[in-house]
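Me: I would like to go through this chain with you, one region at a time. Please keep the answers plain.

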Amino acid sequence: NGTRTLKLGDHVQSEVFVEPDGSLSLAQPLELVQQIVLFTLAWHARCQDVATTSRSLLVGLGGGSIARALVGTLPALSGIDCIELEPEVIAAATLYFGLPLGARCTARTGEASEYLSAMVAPAAASTSAA
């Protein structure tokens, strides 16, 4: 197995294992496995009584490994929305790292603070109108 690595400058953003035929391996680098385990434990501790929950937001996509793993391992999650500053990162995550864009996983280019402000404004307006 080889490894495919996404680097931005000197920083490793994401890694996936690649099978000899070029397909992505289901195995994950140890650091990612540790992150997924911690997220999953926190998720279950917070949402254990929720059959289906709303979408979650990932700020910064990297290679999309966390988004891909969460969509694949948390069926109660209705979806993941990713916000990424650089369009090239989204393209690389989709083309080289198997990011499964679709109804349960979206990625858009933008500044996270602007995206969050736009999401909060309608909710604040509806709360104050009530």
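**Working through the chain**

Reply: Ser 78 is partly exposed, because its relative accessible area is 30%. Please bear in mind that this is a predicted model.

Me: Where is Ser 78 placed?

Reply: Ser 78 sits in the loop that lies between helix 2 and strand 4.

Me: How far apart are Ser 78 and Cys 105, in sequence and in space?

Reply: They are separated by 27 residues in sequence, and their C-alpha atoms are 9.1 Å apart in space.

Me: Let us step back. How many helices and strands are there in the chain?

Reply: The chain has four helices and five strands. Read along the sequence, they follow the pattern β-β-α-β-α-β-α-β-α.

Me: And what share of the residues is buried?

Reply: Of the 130 residues in the chain, 33% are buried. The accessible surface comes to about 7900 Å², and carbon and sulfur atoms account for 60% of that surface.

Me: What about contacts between residues at least 6 apart in sequence: how many join residues at least 24 apart?

Reply: The share is 60% of those contacts in the chain.

Me: How do strands of a sheet pair in general?

Reply: They pair through backbone hydrogen bonds, in either a parallel or an antiparallel way.

Me: How many bridges join strand 4 to strand 5?

Reply: Strand 4 (residues 80-84) is joined to strand 5 by five bridges. Within this pair, Cys 82 stands opposite Ala 107 of strand 5. On the other pairing, strand 3 and strand 4 are joined by four bridges and run parallel. There, Ser 56 has Ile 80 in strand 4 as its bridge partner.

Me: Which residues of strand 3 are on the covered face, and which on the uncovered one?

Reply: Ser 56 and Leu 58 make up the covered face, whereas Leu 57 and Val 59 make up the uncovered one. In a regular strand, side chains alternate between the two faces of the sheet.

Me: Staying with helix 2: is Gly 72 buried or exposed?

Reply: Gly 72, which is in helix 2, counts as exposed because its relative accessibility is 62%, and the cut-off for exposed is over 50%. Gly 72 and Arg 104 are 32 residues apart in sequence, with 9.8 Å between their C-alpha atoms.

Me: On to Glu 111. Where is its place?

Reply: Glu 111 is in the loop between strand 5 and helix 4. With a relative accessible area of 37%, Glu 111 is partly exposed.

Me: What is Glu 111 in contact with, leaving aside its neighbours within four places in sequence?

Reply: Glu 111 is in contact with Ile 83 and Leu 85.

Me: Next, the surface. Which residues form the nonpolar patch?

Reply: The patch is formed by Val 59, Leu 116, Met 119 and Val 120, which together have about 360 Å² of accessible area. Helix 4 (residues 112-129) gives the most to the patch, with three residues. Val 120 is in helix 4 and counts as exposed because its relative accessibility is 53%.

Me: Last topic: how do strand 1 and strand 2 run, parallel or antiparallel?

Reply: Strand 1 (residues 2-8) and strand 2 (residues 11-18) run antiparallel and are joined by seven bridges. Thr 3 has Phe 17 in strand 2 as its bridge partner.

Me: Which residue in that hairpin takes a positive phi?

Reply: Gly 9 does, with a phi near 70 degrees; the hairpin has two residues between the strands.

How values were computed: Residues numbered from 1 in each chain as written. Predicted model: local features only at pLDDT ≥ 70, side-chain atom pairs only at ≥ 80, totals over all residues. Heavy atoms only, no water. Pairing = 2+ DSSP bridges. Buried < 20%, exposed > 50% of the residue type's maximum accessible area, 1.4 Å probe, protein only. Patch = residues over 30% accessible without salt bridge, like charges linked within 9 Å, V, L, I, M, F, W, Y side chains within 5 Å. Areas by Shrake-Rupley, 256 points an atom, 1.4 Å probe, with all protein chains shown as cover. Salt bridge = Lys/Arg side-chain N within 4 Å of Asp/Glu carboxyl O. Contact = heavy atoms within 4.5 Å.
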